[in-house]
Amino acid sequence: MPSSNGVPTEANGIEVSGLVREFKGGVRAVDEIDLQVRPGEIYGFLGPNGAGKSTTVHMLTTLLPPTAGSARVAGHDVVEDGAAVRDAIGAALQEAALDPNLTARDHMRLQGALHGMSKADRTRRGDELIERVGLSDAADRRVGGYSGGMKRRLDLALALLHGPRVLFLDEPTTGLDIQSRTALWDEVAHLSRDEGMTVFLTTQYLEEADQLADHLGIIDHGRIVAEGTPDALKAEVGRPTVEVVPADHAERDRAADLLRPFGELVPGTPQGAAVRLDHDGGERLADIIRTFDQADVKVANLELHEASLNDVFLTKTGRSLEGAQREAAEEGDTGEQPALEGAPA
Amino acid sequence: MEVATAAAPPLAVRRERPSIWTQAPELARRSIMRTLRQPAAVIPATTFPLMLLAINSVGLKSATSLPGFPTNSYVTFALAFAFIQAGVFAVIGTGQNLAEDNQGGFFNRLQLTPINPAALVAGQLAGTLVLGLFQAATYISVGLIAGAHIEAGFGGALVMVVLSIVICLAFGSIGLAIGMRVDAPEKVQSVFPLLFVFLFLSSMSLPRNLIQTDWFREIATYNPVSYMVEGLRSLLIAGWDGEALALGFGCALGILALGLTVASLGLKERMVRT
């Protein structure tokens with residue numbers, strides 16, 4: 001069944017309309033959000049701590065009833081048909097929720113049995129997935145001795161065990177080193193691009209959202225403040241900046257004069273001059289190089305800075321993502337659901 | 001770290017409608033492995049009652065000279081109480097395990113599967129059962145070595161094991177009921193002193209007819225712990241006493257039923273999935 005806006009959600013898309021979650025005391029962790037995730041795409045849900053990302057994931061995975069609004073995942077309503085949603089999804093939630101006393105193979109065996117897989121199937125598929133996430137050598141070791149990255153990889157493998165069509169990853173790389181993070185990105189990209197799996201991924205890392213997401217929703221204080229492809233969002237809010245450092249630092253003012261026709265001058269490094277371009281960066285860059293060449297100003301360094309998702313966040317919320325994180329930490333404001341979230345508002 | 005992405009398994013995975021008969025054994029297996037792989041939980045739960053038994057057997061030995069005391073061996077008299085103390089550890093152990101599942105998010109993992117709530121409850125108690133069996137065997141062996149006598153003989157020892165397991169399950173179900181409603185293991189730990197007071201206000205140290213303080217005797221008479229102790233003790237001292245055994249099993253099964261009911265209600269509230 002196609003959704004109202006034509007996005008087919010029957011197969012493995014997600015459609016959310018006016019979703020709200022209030023907790024006791026009237027705290028609105030999620031405040032009337034709308035979003036669509038197309039089948040097979042990676043949807044990045046970017047926001048600082050306490051923005052409402054995890055609460056949204058808990059509602060979409062049926063772990064938390066919404067206070068208002070509706071959501072369909074893989075064609076099933078999360079409230080009316082929770083069992084069918086759970087059947088269609090896999091989830092690796094914020095905590096890599098593993099039993100430290102069990103091995104990876106024990107986890108696979110248990111999870112497979114709970115999903116109704118035969119003993120032979122869960123052994124075969126469990127072993128395949130353990131190998132796929134690079135844990136074969138540690139498969140019979142207790143998880144309590146695993147590194148953070150190993151736990152995350154096992155968590156991902158467990159989420160894939162029953163062959164889900166939609167995968168929810170709640171901050172899957174938080175706390176991981178760059179190597180583990182990159183490996184997980186590769187795996188997530190592979191799931192979407194090669195296997196057609198829809199991935200809903202929350203993150204507080206700009207780079208992760210930029211690298212992985214086909215579409216991006218930026219959430220702050222429970223509301224989606226921007227949505228689109230990363231490129232479109234960046235294009236919408238920010239033009240690229242070019243910074244030129246002359247070989248002779250005394251020519252800094254002259255460099256600034258030469259840049260002025262290309263856009264608005266902005267602060268750069270102490271040795272250089274910078275301009276926010278008023279047109280597309282690629283085209284203007286050649287003109288800038290030509291201008292400096294004709295003026296016989298030797299250039300030590302020239303850099304093109306594309307607008308970042310942080311610029312998008314800054315434009316939409318009035319603060320940087322880093323600042324928002326700091327603010328949330330200072331306030332001790334989680335905005336997310338408590339560990340036991342049974343009580344609706 | 002190396003992640004192989006080339007050989008992706010097919011997405012289609014054959015699954016059947018899961019039943020309690022496939023889920024409960026795997027949850028039980030997890031519970032048993034979890035128990036056995038935590039010596040720090042098993043050893044104190046087993047040795048602490050033995051230490052108390054040793055202290056009481058020495059310190060309260062003179063109680064056997066009281067007129068009407070049913071045996072001249074205080075070890076034989078006090079041995080039954082070790083089984084009940086094991087039950088207290090069952091409350092703490094079972095409750096803490098469940099609270100850890102809540103706190104660490106493992107419960108959410110289970111909720112995302114088509115898990116049968118009855119399988120979850122049964123599975124969680126499996127570790128308690130195995131630990132109870134181990135404790136019962138240990139207490140009987142140590143008791144016999146220390147000079148205790150089982151009047152009901154080998155058959156009586158087997159019935160003691162069965163009754164002690166039912167008692168552990170009963171106390172374990174209380175742990176489940178508590179663990180279902182808390183999100184931190186420390187909160188389960190906080191009931192420990194309360195439980196111990198409850199245990200001591202029973203006929204654990206003296207037969208009820210020899211308790212001289214009226215209010216104490218009154219409480220001990222209404223305390224189901226007294227009947228569980230006396231059921232076990234009857235096998236040690238009196239031989240086969242049908243009434244004492246019926247009361248012991250009856251109280252344990254009653255607590256088990258109550259604990260499971262409260263735990264099931266808690267589980268219903270906890271499983272808020274739509």
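Me: A:Ile42, A:Gly44 and A:Leu46 point one way from strand 3 of chain A; which residues point the other way?

Reply: We are looking at a predicted model, where local features need pLDDT of at least 70 and side-chain atom pairs count only at pLDDT 80 or more, while totals for chains, interfaces and linings use all residues. Residues are numbered from 1 along each chain as its sequence is written, and chains are lettered from A and ligands numbered from 1 in the order in which they are written. In a regular strand, side chains alternate between the two faces of the sheet. On the other side from A:Ile42, A:Gly44 and A:Leu46 are A:Tyr43 and A:Phe45.

Me: How many residues of strand 3 of chain A are buried?

Reply: Strands (E, at least two residues) and helices (H or I, at least four) are DSSP runs, numbered from the N terminus. A residue is buried if 20 or more other C-beta atoms lie within 10 Å of its own, exposed if 12 or fewer, and partly exposed in between, with C-beta atoms placed from the backbone. Strand 3 of chain A covers residues 42-46 and is mostly covered, its buried residues numbering five of five.

Me: In strand 9 of chain A, which residue is the bridge partner of A:Gly44?

Reply: Strands pair if DSSP finds at least two bridges between them. Strand 3 of chain A runs parallel to strand 8 (residues 198-203), with five bridges, and parallel to strand 9 (residues 215-220), with four. In strand 9 of chain A, A:Gly44 is bridged to A:Leu216.

Me: Is B:Glu269 buried or partly exposed?

Reply: B:Glu269 sits in helix 11 (residues 242-270) of chain B. Because B:Glu269 has 13 C-beta neighbours inside 10 Å, it counts as partly exposed.

Me: How far apart in space are B:Glu269 and B:Arg181, C-alpha to C-alpha?

Reply: In sequence, B:Glu269 and B:Arg181 are 88 residues apart. In space, their C-alpha to C-alpha distance is 8.7 Å.

Me: Which element of chain A gives the most residues to the side that touches chain B?

Reply: Residues are in contact if their C-beta atoms, placed from the backbone, lie within 7 Å. The contact takes 49 residues from chain A and 42 residues from chain B. Elements of chain A giving two or more residues to this side include helix 3 (104-114) and helix 4 (119-132). With eight residues, the one that gives the most is helix 6 of chain A.

Methods:
Contact = placed C-beta atoms within 7 Å.
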